[in-house]
Amino acid sequence: MNIDRLTLVLLLIGAGLLILGTGSILWRRLYRDDPANTARRIFKNSAVTFGLRLFVRGLDTVILLLLVGSLDPAALGAYNTAALLVAQYLATFTEFGLGVLLTREVARHPNAAQRLFGVTLGLRFLLIGVAAVPVAWLVITAYHAIGALGLSEPLTGDGQQAIWILLLTLVPGAYSGAVTALYNAAERMEVPAVIEVFTALLSFLARIGVLVLGWGVIGLAWAAVFVSSITALIFLALQVRTFFTPTLSFDGTALRQLVPQALPLMLNNLLSVIFFRFDLFIVRAFGGSNADLLVQQYVLPYQLLNIALVLPPAVTFAVFPLLARRAGGVRSELASAQQRTLHLLLLIAFPLAMLMTVLADDLVWLFARRRFAEYLPSVTVLAVLAWFLPLSFVNGLLQYVLIAIERQTAITRAFVIGAAFNLTANLIAIPLAIRWGRPQDALLAAAVITILSEVVLYMVFHPVLRREGLTPAIHRLMWRPALASLLMAVAMAPAILWLPGWPGSVGAILIGPLVYVAGLWMLGAIGAEELALARRIAGRTAP
């Protein structure tokens, strides 16, 4: 990484910190909490979390820009395979749904917080020892066997080392996740969000150091271990100060009672990962000599979409304690909260999907630059894959609604059906496309299958929610933002077509959102109810 690029990075960090600091000062001076104002409290929990996580995602985006532009795509693909295995599959399994369970139970029974914390943390550590390490070994062995059959290449030496090193992040990550659940239960989501910002800054600097020193993907793995350990120490200090001294329990009776409750949540989370990302392992298994390159060409669109995916967790985590409390009351109140949240999510999802479709070529070029030719298949994949966002936002919230009413098994059944469809379709489409000599079509097919899988998931959720009196009438919520986003695309097209290069893209970005908001207003998507909600948040009417 050259000096000019490093200077630019440091300037971006400085500007980001200035914006973050100014926002914090204004927030402390202008925001006044009102325990009786539910709308304002939810807005605070989601807005602060979203703002901070957006800043974090901005740092990750800068790092992504540097990594994609600096490292060989195949080497980066090998690292991303290791990171996906550990940070998503193994981390999801060893987390075992215990974060959501701890949040729900502590929100309902605050006096049981210390006991539940110790038991859930003990179970996490047990799962790391008895499951994560053997699974990592099995995956490495399986890819060796696939390589011996000539279908693909075995994992590279760096890829294998990255897996073993990243496994070390699971222990501090488990502890940090448990403390985060306590803060979520207390509806203090801003605290973990602030720690996430600090962690992101530390991670940013660590990964910049790795790139400057030329330590490659192995250095990136060790940087992850260092950062996760520091984060855990910070959470330790905060937990002792705010809640209680951490405990660790391996009580057999308590663990046996906990596992049946947490198992559906873990399966839901794990199946959700399989639902979206097992296609990457199939690409890796059948990709032949270019397997790692294909992986990276497919990973980049997902990494760009992660910028948009920062929103749903911020909103759903903010409303989840409210949903959990209303689940035991009048069902119409829960249904109303569900519909308002779905409306908000869809108003944001459609323009994001349209922006990424229209600007797919520019986004991939921005990150790949001199390696753009190697990432050309990523352009089409991104333009198609962006349209999984609207239903993804919807399904993400509906999962938490079902958890709130203790219908976790319904989520499990839905994800089993969705994952079965996803795996079957990808196991047919990807090998066929690669065998016919069209690996780029394999990536496109995987993107289409991801969208169809979201449709399948919603179709399974819908009848369960209808029986519970919580029918998600998204057809009435979708058409206005969908039409407004289409108007936005029409307005953006002249700027892109008539002004080549970055001036056209910048012009389109400036024009598009204005047209979208105007379209929403004309179509009636922003009406009296939305304005009344805004007034409640501002405290201008009685909550």
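How exposed is glutamate 374, buried or partly exposed? Glutamate 374 is partly exposed, at 31% relative accessible area (buried is under 20%, exposed over 50%, partly exposed in between, with a 1.4 Å probe and protein chains only). This is a predicted model, where local features need pLDDT of at least 70, side-chain atom pairs count only at pLDDT 80 or more, and totals for chains, interfaces and linings use all residues. Residues are numbered from 1 along each chain as its sequence is written, and side-chain values use heavy atoms, leaving out hydrogens and water.

**Salt bridges**
- The count comes to five salt bridges, each being a side-chain nitrogen of Lys or Arg within 4 Å of a carboxyl oxygen of Asp or Glu.
- Glutamate 374 pairs up with arginine 371 at 3.5 Å, N to O, and arginine 371 is buried at 13%.
- Aspartate 292 and arginine 284 meet at 2.8 Å, N to O; aspartate 292 is buried at 8%, and so is arginine 284 at 1%.
- Glutamate 95 bridges to arginine 124 at 3.8 Å, N to O.
- That pair ties together distant parts of the chain, helix α3 (residues 73–95) and helix α5 (residues 113–148), 29 residues apart (helices are DSSP runs of H or I, at least four residues, numbered from the N terminus).
- Glutamate 95 is partly exposed at 21%, while arginine 124 is buried at 2%.

**Helix packing**
- Helix α19 (residues 474–498) packs on helix α20 (residues 502–523) at about 150°, axes 7 Å apart (axes are lines fitted to C-alpha atoms over the stretch in contact; angles run from 0 to 180 degrees between N-to-C directions).
- α19 and α20 are therefore roughly antiparallel, a label for angles over 145 degrees.

Key
Helices (H or I, at least four residues) and strands (E, at least two) are DSSP runs, numbered from the N terminus. Angles under 35 degrees count as roughly parallel, over 145 as roughly antiparallel, 65 to 115 as roughly perpendicular and the rest as oblique.
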